[in-house]
Every structure is written in structure tokens, then in C-alpha cells.
Amino acid sequence: MLKDAQGLEVSTDSHEAVDAISSFTNQSLTYGKEALNVVKQGLLADSTCAMLHAYAAAHFLSQENEQANSQAIRYLQAAIKYSTNITEREKLYIKAISAWAIKRIDVAIALHETITDKYPRDLISVQQGQYHYFYLGDKERLVNIAQKVLPQNEDNYFLYGMVAFGLEQCHQYEQAEAMGRMATSYNRNDPWAHHAVAHVMEAQARIDEGIAWMESLADTWNDCNSMLYTHNWWHIALYYLERGNHQKVLQLYNTHIWGRARKDSPKDQVGAISLLLRLELRGVDVSEYWQSLAIYLLPRLHEHALAFQDLHYIYALARAGYTDWANEMRLSMYQHALSLPSYIRRQWLEVAIPVARGLVAYANGEYSNTVINFKQVLPRLHEIGGSHAQRQLFKQVYQDANLQLAPTLRYISASIS
Ligand SMILES: [Fe+2]
């Protein structure tokens, strides 16, 4: 039995396979673009290593699209096949990934909590637990799963960035910034810690500091996967948006955001859609951008990987004039919601679907429908997941719909007085 760089036992006799697991851990914690390659390299050395197969499955599941899911299933089947003589931790992890694959996120979360209780050095399980909490909008447990293993990981500064992001989501800005800065001071190549501090500065409207912080670290992001590369630049774009420098925002969209995105990647698509809509809300004409983006959304219509993602897609489809696709997607969302287990059905039926209706209405200039649909769910927006900064978009849409309606309401009011 060999141990990986986190000191965790791995069921393999191959040093190359264990080195690959250590590299995968590092790639995951730095959001590196070589995560899958290092796993494949490890499998060349030991094709029977269950954990390498499970990590590959997790990598594909995190892509949150149907094609990647099929690949995840293949790796998961191999992980299960080779799981007869593996450790308890490895068995628990494979069960957690299996639960994710069948969308039993509640089960996956419980397993990651068990793993991190019993094996607190397993930061991949901490990270994946945080990921699930993020998309369930459970900020308290998002920070707890990282904080609880701090005593056993004082030497691992990646955990500090993970805690920092959780603290920021819980509005504990001072501690979040201190943790994020500490992580970065120990290791400048920690893009998730950069991101946590960026969130603090965004939340506190420290625009110039935010730009200076992120731009001073952006040179370290070249080895990031496209999700975090484009998302960190998205945060920089938000600062420039606050400054009113729309030209700069468009330039960043064309270079570091949609310009550098994997066009088929859901998370990259979401970031680009979010930025275009934010520009629109500032009165910038981005009409020419919608079609060139929305054309990539056709495979998304029936996926329903995450409610948070669907809301972005459906707006972009409606805004680009793909009305039939938007309608088809809305119906499909409803059917999907009915098929879900009860713990998550309410998130879709009572929050996501009214927001989807409101967004389509907004794209079509039907502002009263936007207001009607949004008003009832505003206090529950966190249930669709995403960060505060990301969800702020929906509140802005609601506020703008109200503003657009104001002249009409004044006119009606005047006509009856
Ligand atoms: Fe963010």
C-alpha cells in the first residue's frame, strides 16, 4: 500500500499511479488544465487503480454536461470493477462519485462529510463537498466542511483559500480576506485564494483594489482550466463594469472571457451570458453578441445539470431570438423538475422555473411578467446556488424590470386620477 502526497493510502503498487494521484490533487486544488491528462498518465502505469478511474469520473462530472457524463460513467464503471480490495476511504469516495453521477447530491454530500470526518487530509473530498454545497446554496455547510479539517491541514495552504471563499459567502469578509491573502502569500499560484479575495473586494465595492489585486496575479492563471481562468477574468470585468468602463469590459469579454472560453463548456457559457446581460443592464448594446453565443447552447436544452446554469441558458436563447428553443427548454425544465427527488424538486419548481419565466419575459420586453414571476421568489434566490456576486444579476434584472414599468404605471395612475 502506497501513500499519496496528502498522506492518504492508495490501493496500488505503482509509484507512477500514486504520483499521478498526487498530481491530480494538485491540479484540482489549483484548477489546473492538466487534471485529466495526469490521471490518464497514471492509468497507463496501473489501469486497475480504482481511485484514478474515480478521479477521472469526477473530472467529467464537474463539466456538468451530458457528453461528459457519459464519459464519467465509463470511468466510474471501471472504478467499481476494481474496487474489491481497496481501502474504506476509497470505497466511500467511489460511492460519493456514484451518487453524484445519478444526481443524488444529498447522498454524495453525506459521503464527503464522512470521508472528511474520518480522513481529514482528503482535500479533494472537501473540495467536492464545497462544490455541491455551492450549487445547493448552502453557504454555512460550504464553509464548515473546510473549517472542520483545518487543524489537520495547517501546512496545506490550499485549504486556506477554500475556507476563505466559504467565509466570504457567509459575509465574514475580514476573516475571508485574511485567509485568502495568507494563502496567496505562501503560494502565489493559488487562483482559488485570489478568487476568494476578489469576492470580498466585490462585496465591499473596493473596485480599484480589486482590479489591482487580480491584475497583479493574473500572470499565474495561464495554467488554469478554462472555468477558473475565464471566471477570474470575469471578476475583473465586473470591477470595470462598476467603474463604467464598458469598452474595457467588452475587450475582456473578447480576449480573456468568451475569447478564451471552451465554447462547449457550460460554466464558461454561463460566465459569458452573465457578462453580456450585465452590460445590457447598463444600457450597452450587445445584441450582435447573443447569437454567436447562443448557437452553442442547443446541446443544453434538455441537460438540466444545474438550475443555476439553466437560467443563464434560457435567457440567452430567448434574447438571441431562439424563441422555440427557449420554450422547449422551459417545458423540459418543468418535466425535469417533476422527475427529481423531493429534496431538490422544490428548488426547481418553486424557484428556478418562476425565475426562468421571468427571464424569458425580460428578454421579450414583458416587464410586468418579469416582476410578477421574480417578486415571489426573490427571498429564495439563494436556493438556485451560485455565489452572491453571480446571483446579483437576477436582482438587477428585477430592479430594471421595475424601472422599465415605472412610466407605464405612472401613465395608468394619472389616467385614473
Ligand atoms: Fe466568483
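At what angle do helix 16 and helix 17 pack, and how far apart are their axes? Helix 16 (residues 287–294) and helix 17 (residues 307–319) pack at about 120 degrees, with axes 9 Å apart. Axes are lines fitted to C-alpha atoms, for helices over the stretch in contact, and angles run from 0 to 180 degrees between N-to-C directions. Helices (H or I, at least four residues) are DSSP runs, numbered from the N terminus.

That angle makes helix 16 oblique to helix 17. Oblique is what remains after roughly parallel (under 35 degrees), roughly antiparallel (over 145) and roughly perpendicular (65 to 115).

The model is predicted: local features need pLDDT of at least 70, side-chain atom pairs count only at pLDDT 80 or more, and totals for chains, interfaces and linings use all residues. Residues are numbered from 1 along each chain as its sequence is written.

Now the contact itself. Helix 16 contributes Trp 290, Leu 293 and Ala 294. Helix 17 contributes Ala 316, Leu 317 and Arg 319. Residues are in contact if their C-beta atoms, placed from the backbone, lie within 7 Å. By class, this contact has five nonpolar, no polar and one charged residues. Ala, Val, Leu, Ile, Met, Phe, Trp, Tyr, Cys and Pro count as nonpolar; Asp, Glu, Lys and Arg as charged; the others, Gly among them, as polar.

Next, the domains. An automatic or database assignment sets the bounds: domain 1 (1–143) and domain 2 (295–417). Their centres, over C-alpha atoms, are 34 Å apart. Nine residues of domain 1 contact twelve of domain 2. On the domain 1 side, helix 7 (123–136) gives the most, with three residues.

Notes:
Helix = DSSP H or I, 4+ residues; strand = E, 2+ residues; numbered from the N terminus. Contact = placed C-beta atoms within 7 Å.
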